[in-house]
Amino acid sequence: MQNMILDLYGPDTSADTIRELREEAARVLEESGGSWTREAVQNLKLIDSAIREAMRITPFACIGLPRTVIHPDGITIEAADDKVHIPCGMVFAAPLEGVHHDEDIYPDSRRYKPFRFVGREASHHTSGPKKEAVGAADNRTDRSGSQNDRSSVTLDEDFLSFGIGKHACPGRFFAVNEMKLFVAHMLLNYDVECLSRRPKARTFGWIRLPYNDGQVRVRKRSAGFKEESEVMSNGRT
């Protein structure tokens with residue numbers, strides 16, 4: 001959630017984005033009669049996408065999912081046009097940051113795009129001056145954008161924050177529900193000043209930790225506060 005706040009209220013996020021997320025939280029809560037039911041939390045589609053994007057752009061580690069080869073003969077895996085043999089006892093891991101920041105998978109991968117996983121970015125990549133760049137670019141957008149509107153708990157080889165396969169995190173459903181409730185509560189009850197610079201994460205071994213120099217200003221929302229469109233310009237307060 002610390003990374004989520006730094007990404008959501010970073011320099012790439014506009015006032016319109018915050019407003020849309022807030023409106024979704026307010027609408028879903030009203031439709032559920034003022035209670036956060038299981039169905040209501042599942043309907044927070046935009047907030048879910050914003051969370052998945054935060055986990056994508058700032059993974060918990062630069063490498064992860066370590067595995068030890070236990071077969072006596074080792075294993076052989078396909079690698080491009082070659083094969084790689086990994087002997088018994090060798091430990092290998094997945095390059096989380098490398099996958100999450102791969103431009104062939106996620107166009108504009110270094111930029112935080114809260115709605116990347118709800119199919120709303122696809123049109124942005126093939127419009128305007130770049131409209132002629134279709135074909136391969138369309139396929140890349142499909143993988144990171146509109147394909148199945150993937151949620152934060154969806155496992156695939158392009159998103160490794162919760163692991164993959166039968167050893168994936170079994171608590172991810174509970175964790176994502178907690179995060180969605182946290183973000184919805186924050187949006188509905190607080191205004192957060194956007195950062196002019198997103199602090200870089202620091203590395204502790206292979207773990208990525210938020211730097212302590214990332215500070216935000218927060219205020220309790222009330223009816224007397226103006227909407228962001230009146231107090232924000234160029235994406236910042």
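Student: Leucine 65, buried or exposed?
Tutor: Leucine 65 is buried in this predicted model, because its relative accessible area is 18% and the cut-off for buried is under 20%.

Student: Where does leucine 65 lie?
Tutor: In strand 1, which covers residues 64-68.

Student: And what is the phi of leucine 65?
Tutor: Positive, about 55°, although leucine 65 is not a glycine.

Student: OK, what about aspartate 108, what is its phi?
Tutor: The phi of aspartate 108 is also positive, about 60°, and this residue is not a glycine either.

Student: Where does aspartate 108 lie?
Tutor: Aspartate 108 is in a loop, the one between helix 5 (96-100) and helix 6 (136-144). It is partly exposed, with a relative accessible area of 33%.

Student: Switching to helix 4. How many residues has it, and what does it reach end to end?
Tutor: Helix 4 has 13 residues, and from its first C-alpha to its last it reaches 18 Å. That is close to the 18 Å expected at 1.5 Å a residue.

Student: How many of the residues of helix 4 are buried?
Tutor: 12 of the 13, so helix 4 is mostly covered. The buried residues include Leu46, Ile47, Ala50, Ile51 and Met55, and also the charged residues Asp48, Arg52, Glu53 and Arg56.

Student: What covers them?
Tutor: The cover includes helix 1 (2-8), helix 2 (15-31), helix 5 and helix 7 (172-189).

Student: Now helix 2. What is its reach?
Tutor: Helix 2 has 17 residues and reaches 24 Å from its first C-alpha to its last, close to the 24 Å expected. Its buried residues include Ile18, Leu21, Glu24, Ala25 and Val28.

Student: What follows helix 2?
Tutor: Glycine 33, whose phi is positive, near 75°.

Student: At what angle do helix 2 and helix 4 cross?
Tutor: Their axes cross at roughly 130° and come within 8 Å. Helix 2 and helix 4 are therefore oblique to each other.

Student: Which residues meet there?
Tutor: From helix 2, Glu20, Leu21, Glu24 and Ala25; from helix 4, Lys45, Leu46, Ile47 and Ala50. By class, this contact has five nonpolar, no polar and three charged residues.

Student: Why would residues three or four places apart point the same way?
Tutor: Because an α-helix has 3.6 residues a turn.

Student: Last topic, valine 99. Where is its place?
Tutor: Valine 99 is in helix 5. It counts as buried, at 15% relative accessibility.

Student: What does valine 99 touch?
Tutor: Not counting residues up to four places away in sequence, valine 99 touches Ile105, Tyr106, Glu157, Asp158 and Leu160.

Student: How many residues apart in sequence are valine 99 and aspartate 158?
Tutor: 59 residues apart in sequence, and 6.3 Å apart in space, C-alpha to C-alpha.

Methods. Residues are numbered from 1 along each chain as its sequence is written. This is a predicted model: local features need pLDDT of at least 70, side-chain atom pairs count only at pLDDT 80 or more; totals for chains, interfaces and linings use all residues. Side-chain values use heavy atoms; hydrogens and water are left out. Helices (H or I, at least four residues) and strands (E, at least two) are DSSP runs, numbered from the N terminus. Buried means under 20% relative accessible area, exposed over 50%, partly exposed in between (1.4 Å probe, protein chains only). The expected span of a helix is 1.5 Å times one less than its number of residues. Contact means heavy atoms within 4.5 Å. Axes are lines fitted to C-alpha atoms, for helices over the stretch in contact, and angles run from 0 to 180 degrees between N-to-C directions. Angles under 35 degrees count as roughly parallel, over 145 as roughly antiparallel, 65 to 115 as roughly perpendicular and the rest as oblique.
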